[in-house]
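Let's walk through this one together, a stop at a time. Keep the viewer open and follow along.

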Amino acid sequence: MSRADGVQETGAPLQTGVPVHVGVIMDGNGRWATSRNLPRVEGHRRGVEALRRCVRAAREIGIRYLTIYSFSSENWSRPVSEISELMGLLRRFLRHDLADLHAANVKVRIIGERAGLSRDLCLMLDEAEALTRDNTGLTLVVAFNYGSRQEIAEAAARLAAEVAAGTLRPEEITADLLGSRLSTAGIPDPDLIIRTSGEQRLSNFLLWQAAYAELVFLPIYWPEFDHAALLGAIQEYARRDRRFGGLAARTGS
Ligand code: IPE
Ligand code: IPE
Ligand code: MG
């Protein structure tokens, strides 16, 4: 089914080779700006435009879940001025784009630690989730103040509390049960993780969930990201042979 804005609805069957869930580590804003003799903050501003292009492209391609790494638990170690700019950009993004996302049937979900964020930002995040909760198109998962190790430790603490309360036996703890206590509960594991900027690491992003994700590292800075870049990464993904510990699917050998 085609929408009035010409974007394919994600309820349609997936094309072969299109990942269900794509995670994106939006990296290289600062270097993009510095290489143009601009302040780093300008890179972050242009990064928001790249994010808009990315969301639109994901909808057009028919991706069901898009998780974007916007601010890591470790990004607090940056200068205060840069942190407040990044907080301000999220506020502006929600203020300007939430209505459009909702109109485009996008469901917004936020993962990451709320503690440490200002009250008004938390209210905006709650509002974005509440407004779009019944939408059935692309699920946009915003990882903000997110750290995978912290997330796993919290899940472990939750299970430990259940054991202490006598509602869970230690031998009942499985990988699936721990996964169900993560902030991504109910979201399928990422099939593809893309990182821009040329860095080849996960930087504490979806460590548990990415156990069998295909990783694609693009040699462009995040502000340069567009539909063609996403398509290129998906084409690379489609060429990969995902084995999940078994034998090659294509040759059967
Ligand atoms: C990504 O760009 C944005 C965030 C981490 C919030 P960077 O700010 O990390 O840009 P580089 O890596 O310094 O170029
Ligand atoms: C990862 O990028 C975090 C986000 C993109 C939000 P960083 O720029 O913070 O990662 P490192 O420090 O290069 O590993
Ligand atoms: Mg970086």
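S203 counts as partly exposed, at 32% relative accessibility (buried means under 20% relative accessible area, exposed over 50%, and partly exposed in between, with a 1.4 Å probe and protein chains only). You'll find S203 in the loop between β5 (192-195) and β6 (214-217); helices (H or I, at least four residues) and strands (E, at least two) are DSSP runs, numbered from the N terminus. S203 isn't a glycine, yet its phi is positive, about 45 degrees. Most residues other than glycine have a negative phi.

A quick word on the ground rules. This is a predicted model, where local features need pLDDT of at least 70, side-chain atom pairs count only at pLDDT 80 or more, and totals for chains, interfaces and linings use all residues. Residues are numbered from 1 along each chain as its sequence is written, chains are lettered from A and ligands numbered from 1 in the order in which they are written, and side-chain values use heavy atoms, leaving out hydrogens and water.

Back to phi. N145 is another residue other than glycine with a positive value, near 55 degrees. This one sits in strand β4, and with 4% relative accessibility N145 counts as buried. A further positive phi, near 65 degrees, belongs to N105, which follows α3.

Now for the strands around β2. Which strands pair with β2 in the parallel sense? Strand β1 (residues 21-25) does, over 5 bridges, and strand β4 (residues 139-146) also runs parallel to β2, joined to it by 7 bridges. Two strands pair if DSSP finds at least two bridges between them. To get your bearings, look for H21 opposite Y65 in β2, then for S72, whose bridge partner in β4 is Y146. Strand β2 (residues 65-72) is largely enclosed by the rest of the structure, because 6 of its 8 residues are buried.

Next, α3 (80-103). Its 24 residues should span 34 Å at 1.5 Å a residue, and the end C-alpha atoms are 35 Å apart, which agrees; the expected span is 1.5 Å times one less than the number of residues. Even so, α3 has a kink of about 50 degrees centred on D97, the bend at a residue being the angle between axes fitted to the seven residues ending there and the seven starting there.

L121 is buried at 0% relative accessibility, and its C-alpha is 9.1 Å from that of G88, 33 residues away in sequence. G112, in the loop between β3 (107-111) and α4 (119-132), is partly exposed at 33% relative accessible area.

Last stop: the largest pocket, with a volume of about 630 Å³. On a 1 Å grid over the protein atoms alone, a pocket is an open set of points where a 1.4 Å probe fits, with protein on both sides within 12 Å along at least five of seven lines, and lining residues have an atom within 4 Å of a point. Grid points are joined across faces, edges and corners, and the volume is the space filled by probe spheres set on them. Of the 30 lining residues, M26, N29, Y69, S70 and N75 lie nearest the centre. Elements supplying at least two lining residues each include β2, α3 and β4.
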